[in-house]
Amino acid sequence: MRDESLSNALLEQGIYRINPVPEASDISIRILKLTPGSSTERHNHTEVEFWTVISGTVRVYLDGKDIILQAGDSIRVEPLCRHRIEALQENAVMQTVWWHHREIFERLTTEDALLSPNSARPLLIVPAMLTPNGGMHLGHAAGPFMVADVLTRTARMSGRETYQVQGTHGHLEHIQIAAVNAGTDYYSLAETNTRRLKHSLRLLGVEQDIFLETRPTTRSDAIVYEVLEKLMADGLIVERTHNVPYDPETLQFCVDAFVHGECPYCGGESSGTECEGCGALVLDAELINPVNLRGAPLEHRPLKRLFLRLNALENELERFAASTSLPAFAKLFVESWLSRGLPEVCLTNPNSAGVPVHIAGLENLKFTVPMEYVPRHLLAIEQMCALQGETRLWYEITGDELPELAILFGVDNAFGRLLVIPAVLAALGMREFMPAYVIPNQMMLLEGQKFSTSRNHAIWVDEYVTAENAEALRFYLCRNRTHRNEVDFHRSEFERFNMEFWSGQLPAMLDAVNGVFKPFVENKNLPGPGQWCADCHSFFAATSLFIATIKQSYSLYMPDIRKITRNVETFVDEITTFCLDSALQQKPAFTHSALNRTRARLAARALISLATALNPITPEFTQGLYEKFDIQNPSFALFSIDWMSAEIINPVGNI
Ligand SMILES: [Zn+2]
């Protein structure tokens with residue numbers, strides 16, 4: 001192709017495009033000439049795409065990596081991979097061909113591919129932080145904290161190097177309020193409650209690798225300043241003076257948790273932090289009819305503070321919202337804020353505790369929680385490196401060396417998780433660490449009403465959870481996960497579930513399976529399968545279907561533990577029915593040894609698959625099952641073993 005025809009082609013943002021074949025055909029071909037420095041928009045699609053560079057040099061950005069291609073080089077871009085091409089110093093000419101390739105697309109979206117995406121990078125799982133102003137109630141546990149543990153175990157089962165972070169908020173005035181009420185100081189109260197929260201996590205079987213404490217360290221303070229300096233250098237921080245609620249009696253500003261009023265966004269009751277009703281980060285100065293903790297109306301006085309110019313990072317958030325791996329809630333949340341306009345985020349306040357602000361004119365202020373969000377994640381990265389045996393600072397770790405980030409949070413914490421954290425990470429040039437897996441949850445109700453610490457309408461983990469009911473509760477909370485909708489927790493319903501399923505049907509199923517292994521009591525290993533009947537075929541297919549459903553439901557992009565537990569319940573019933581076949585039980589004279597061999601194999605396959613499905617949720621229960629089969633280091637690879645021919649230790653009498 002001669003250069004004139006290219007220069008006559010459509011020019012848009014420095015790129016000439018020519019389509020030598022009509023667009024309507026099944027395969028699309030396009031020649032691009034990119035002028036120096038020009039770049040295509042980042043996008044993705046279901047089609048597979050094939051690029052060949054004809055002349056010049058381009059930089060190709062694919063999900064998580066960039067590659068330089070020169071004349072003669074070519075590359076295949078997989079379906080759904082986000083991509084962008086940029087010409088370097090000179091004109092670049094390239095050919096792109098794209099077409100819908102059903103097999104390639106389906107291979108990418110099967111359960112195996114979903115289980116373990118990008119497995120080369122470590123995974124950091126970070127639920128929203130706990131507030132150490134009290135204990136942990138079941139509503140907290142059922143939200144991000146216990147599920148972070150389930151996902152950690154899930155990721156490890158699929159072979160990912162995974163680190164689970166738990167921790168308490170750095171500084172929130174809720175802690176100060178509780179400290180004043182308890183007649184103690186901020187950090188003593190935080191530390192007492194942190195011990196209580198850690199104990200609650202242990203009771204629930206949560207085993208975090210990193211715990212971020214409230215009390216600051218030299219390093220945690222330093223990270224706040226390192227981040228602030230970078231944001232300031234990029235012009236993302238501004239000083240603003242607002243008329244802020246002021247208490248004429250105490251002669252103090254009322255900010256953060258010390259002020260209440262009507263949320264300017266949803267009209268609900270909100271403090272000067274995150275609105276529980278709509279998840280917005282509410283600026284104290286914008287609260288309608290603000291009152292103090294005693295309900296007394298407040299005056300307003302001017303106060304100079306630092307703000308993050310979130311709107312300057314709009315493009316980054318637009319790109320984040322365009323990611324295919326976000327759940328619908330997160331996409332809509334980010335997009336709705338982008339369309340209504342991003343507010344500036346208050347970074348300093350006259351709080352009682354916090355990292356002090358060493359900036360002239362702002363000496364009486366402390367950094368707010370939004371200023372701590374990203375630094376605490378960076379601290380977690382440094383602690384992850386320490387666990388790997390390396391001492392590294394967050395800014396020394398770049399690109400593919402950064403872990404992938406999975407975040408879990410209740411929808412009332414959405415503003416910080418979906419806007420502030422991704423925007424600040426982008427501003428720091430850490431796009432690879434922007435949340436790759438976003439797992440929000442709706443709220444759990446208790447007996448029809450919101451959990452409330454102040455009204456003591458709550459079930460406290462450290463009062464309710466015991467070694468006996470912990471795993472049943474983990475299962476039950478997963479089963480009633482507030483995945484997309486609010487869920488109502490009733491004590492009596494859990495107790496009935498514990499009695500009927502966990503302590504009833506489940507052990508009854510194990511008894512039934514034992515009956516199938518019994519004919520081979522003399523054998524060390526289960527014999528190979530013999531004859532098959534229609535029941536065997538049907539049960540084999542049911543088990544395969546169960547495995548496929550479980551793999552699909554454990555996708556890190558959209559883990560559906562609610563669906564997993566419900567499928568487990570159905571499958572327990574199927575195993576029991578298969579093993580308790582009354583024709584074979586009641587008429588031992590008809591016992592057919594060749595058929596029994598097949599049945600024992602099928603029962604073993606079902607039981608190992610059930611354990612593998614349950615392992616992230618109830619690890620203690622499944623550990624017991626694996627031991628009977630002498631299975632070490634369980635992983636999702638157990639789903640793929642051909643249990644009809646593999647060696648299986650006969651667990652008879654052991655289960
Ligand atoms: Zn609101």
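This is a predicted model: local features need pLDDT of at least 70, side-chain atom pairs count only at pLDDT 80 or more; totals for chains, interfaces and linings use all residues.
Cysteine 266 sits in the loop between strand E15 (260–262) and strand E16 (269–271), while cysteine 278 sits in the loop between E16 and strand E17 (288–291). The pair therefore ties together parts that lie 12 residues apart in sequence.

## Phenylalanine 501

Phenylalanine 501 belongs to helix H14, which covers residues 491–517. Its relative accessibility is 3%, so phenylalanine 501 counts as buried.

Leaving aside residues up to four places away in sequence, phenylalanine 501 touches Phe475, Arg496, Leu506, Pro507, Glu569 and Val572. Glutamine 252 is 249 residues from phenylalanine 501 along the chain, and the C-alpha atoms of the two are separated by 56 Å.

The disulfide count for the model is zero. For cysteine 536, the closest cysteine sulfur is that of cysteine 533, at 3.5 Å. A disulfide requires the two sulfur atoms to be within 2.5 Å, so the separation of 3.5 Å is too far for a bond. Cysteine 536 has a relative accessibility of 0% and therefore counts as buried.

## Helix H15

Helix H15 spans residues 534–553 and has 20 residues. At 1.5 Å a residue it should span 28 Å, and the C-alpha atoms at its ends are 29 Å apart, which agrees.

The buried residues of H15 are Cys536, Phe539, Ala542, Thr543, Phe546, Ile547, Thr549, Ile550, Lys551 and Ser553. An α-helix has 3.6 residues a turn, so residues three or four places apart point the same way. Among the buried positions of H15 are Cys536, Phe539 and Thr543, and also Phe546 and Ile550.

Definitions and conventions:
Residues are numbered from 1 along each chain as its sequence is written. Side-chain values use heavy atoms; hydrogens and water are left out. Helices (H or I, at least four residues) and strands (E, at least two) are DSSP runs, numbered from the N terminus. Buried means under 20% relative accessible area, exposed over 50%, partly exposed in between (1.4 Å probe, protein chains only). Contact means heavy atoms within 4.5 Å. The expected span of a helix is 1.5 Å times one less than its number of residues.
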